[in-house]
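Here is a friendly briefing for anyone meeting this structure for the first time. Take a moment with the sequence and the model, then read on by topic.

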Amino acid sequence: MNYKLLLLFVSVFAANFVHAQNPPRSYIAYKTIGEIQIDGKAEEESWKEAPESEDFIDIEGEKTPKYQTNMKMVYDEEYLYFYVKMEEPHIWATLKQRDTVIFYNNDFEIFIDPDGDTHNYMEFEMNALNTVWDLFIVKPYREPAPVIDSWDIQGLKSAVHISGTLNDASDEDEFWSVEVAIPWDVLTEANSHNEIPEDEFWRINFSRVNWDFDLNEGTYSRKKTEEGEYLPEYNWVWSPQGVINMHEPEHWGYVYFSAENTGENDEFEIPEDEKIKWKLYEIYRKQKEYFSKKEEWATSLEEIQKDTIKLNGKILQPKLENHLTGWNISIESPFTGNHYIIKEDGKVLTSKI
């Protein structure tokens with residue numbers, strides 16, 4: 001494993017049983033109403049009409065970030081487009097090699113899980129120099145699995161616009177903005193089908209990593225303590241994770257792809273069955289916690305889930321099944337009749353009626 005991926009696995013295997021207190025946010029992405037030029041400026045009519053997201057919030061969902069961040073999304077038959085504007089009085093970047101650890105600079109990150117099962121998802125990062133890092137993640141880091149660092153987004157387009165001066169400490173900047181276009185041909189490879197997800201939703205989130213900095217003869221770098229340790233980064237996200245960990249895809253936001261053009265109005269509400277999945281992950285964490293204490297899996301739900309689970313006036317009746325390689329926990333939806341199963345590795349399966 002190369003050193004970049006090794007860094008990603010720090011604290012991966014330590015159990016983390018805290019879950020987000022805030023529900024995921026949702027966003028409606030509309031169709032474009034004309035061509036989009038990827039220049040980082042978002043001056044086209046599609047961008048002007050596209051809804052702006054809520055202000056980004058600290059990753060744990062409580063603190064207000066020092067600088068404001070907002071994103072927009074639109075799509076056409078070829079690409080899914082992203083635009084984000086980030087207030088920043090000191091815009092700096094040093095990393096120029098593709099697929100290096102971009103979050104060692106201030107960066108912007110996109111996470112995409114097309115089928116919402118928390119496995120086989122994509123991560124994209126870029127800095128103010130438009131240096132990118134893209135990787136494909138087979139499972140969240142809490143579960144041992146490969147990280148495909150050599151994976152590249154074929155046909156990617158990205159650009160940065162800077163309102164100010166890059167790497168110049170003599171003045172104060174306003175913001176930097178990025179524009180990204182990812183081909184559907186790449187995105188749909190990890191979906192349950194290869195079609196554009198019109199009238200469907202995906203699990204997506206965005207992160208902005210921001211560092212306190214030092215200046216040495218006019219050169220920016222991450223700030224260190226007197227002992228020479230780097231100060232921790234700030235993590236500002238669109239949809240709060242509840243923990244300092246972007247790699248819990250079950251907390252990501254919901255993006256609904258409307259069949260309407262940008263400038264028109266559509267509605268989207270998170271389905272009740274999605275909230276059943278949230279409950280499954282709560283039980284999953286309790287089972288993991290049980291194992292960390294007992295060094296064996298619980299064989300009955302009463303050992304880990306003593307309270308009745310209710311959702312919008314309905315009682316959920318989870319079932320635990322142990323087998324030679326692990327366990328499954330399933331719930332039949334009282335809303336649709338669909339069955340949802342979470343495996344010991346956290347993957348969610350859906351059995352539709």
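Glu189 has its place in the loop between α3 (184-187) and β11 (201-210); helices (H or I, at least four residues) and strands (E, at least two) are DSSP runs, numbered from the N terminus. This is a predicted model, in which local features need pLDDT of at least 70 and side-chain atom pairs count only at pLDDT 80 or more, while totals for chains, interfaces and linings use all residues. Residues are numbered from 1 along each chain as its sequence is written, and side-chain values use heavy atoms, with hydrogens and water left out.

**Loop residues**

- Glu189 counts as exposed because its relative accessibility is 59%; buried means under 20% relative accessible area, exposed over 50%, and partly exposed in between (1.4 Å probe, protein chains only).
- The C-alpha atoms of Glu189 and Ile270 are separated by 24 Å, and the two residues are 81 apart along the chain.
- Asn120 lies in the loop between β5 (107-113) and β6 (121-126), and its phi is near 55°, a positive value in a residue other than glycine.
- With a relative accessible area of 27%, Asn120 is partly exposed.

**A hairpin**

- Strands β12 (residues 213-216) and β13 (residues 219-222) pair in the antiparallel sense over four bridges; two strands pair if DSSP finds at least two bridges between them.
- Asn216 stands opposite Thr219 in β13.
- Two residues lie between the strands of this hairpin, and Glu217 in the turn has a positive phi of about 55°.
- Glu217 is exposed, with a relative accessible area of 81%.

- An open sheet of four strands runs in the order β18-β19-β20-β21, with antiparallel pairing.
- Its edge strands are β18 (319-323) and β21 (348-351), each pairing on one side only.
- Neighbouring strands of this sheet are turned by 25° against each other on average, direction ignored; axes are lines fitted to C-alpha atoms, for helices over the stretch in contact, and angles run from 0 to 180 degrees between N-to-C directions.
- β18 and strand β19 (residues 326-332) pair in the antiparallel sense over five bridges, and Leu320 stands opposite Ile329 in β19.
- Helix α4 (residues 272-294) packs on the sheet and touches β18, β19, β20 (339-343) and β21, with its direction at about 30° to that of β20.

**Nonpolar cores**

- The largest nonpolar core has 50 residues, of which Met73, Phe82, Phe206 and Phe257 touch the most other members; such a core is a set of buried Ala, Val, Leu, Ile, Met, Phe, Trp, Tyr and Cys residues joined through side-chain atoms within 4.5 Å.
- Strand β4 (residues 79-87) gives the largest share of this core, seven residues.
- Apart from that core lies another, of 19 residues, among them Ile304, Leu320, Trp327 and Ile329.
- Leaving aside neighbours within four places in sequence, Phe206 is in contact (heavy atoms within 4.5 Å) with residues including Phe56, Met71, Met73, Phe82 and Trp236.

**Aromatic rings**

- The structure holds 26 aromatic pairs; rings of Phe, Tyr and Trp (its six-membered ring) pair if their centres lie within 6.5 Å, and planes under 30 degrees apart count as stacked, over 60 as edge-to-face and the rest as tilted.
- Tyr281, Tyr284, Phe291, Trp297 and Trp327 form one aromatic cluster.
- The charged end of Lys85 sits over the ring of Phe175, 4.5 Å from its centre; a charge sits over a ring if NZ of Lys or CZ of Arg is within 6 Å of the ring centre and within 35 degrees of the ring normal.
- Arg222 lies over the face of Tyr230, at 3.7 Å from the ring centre.
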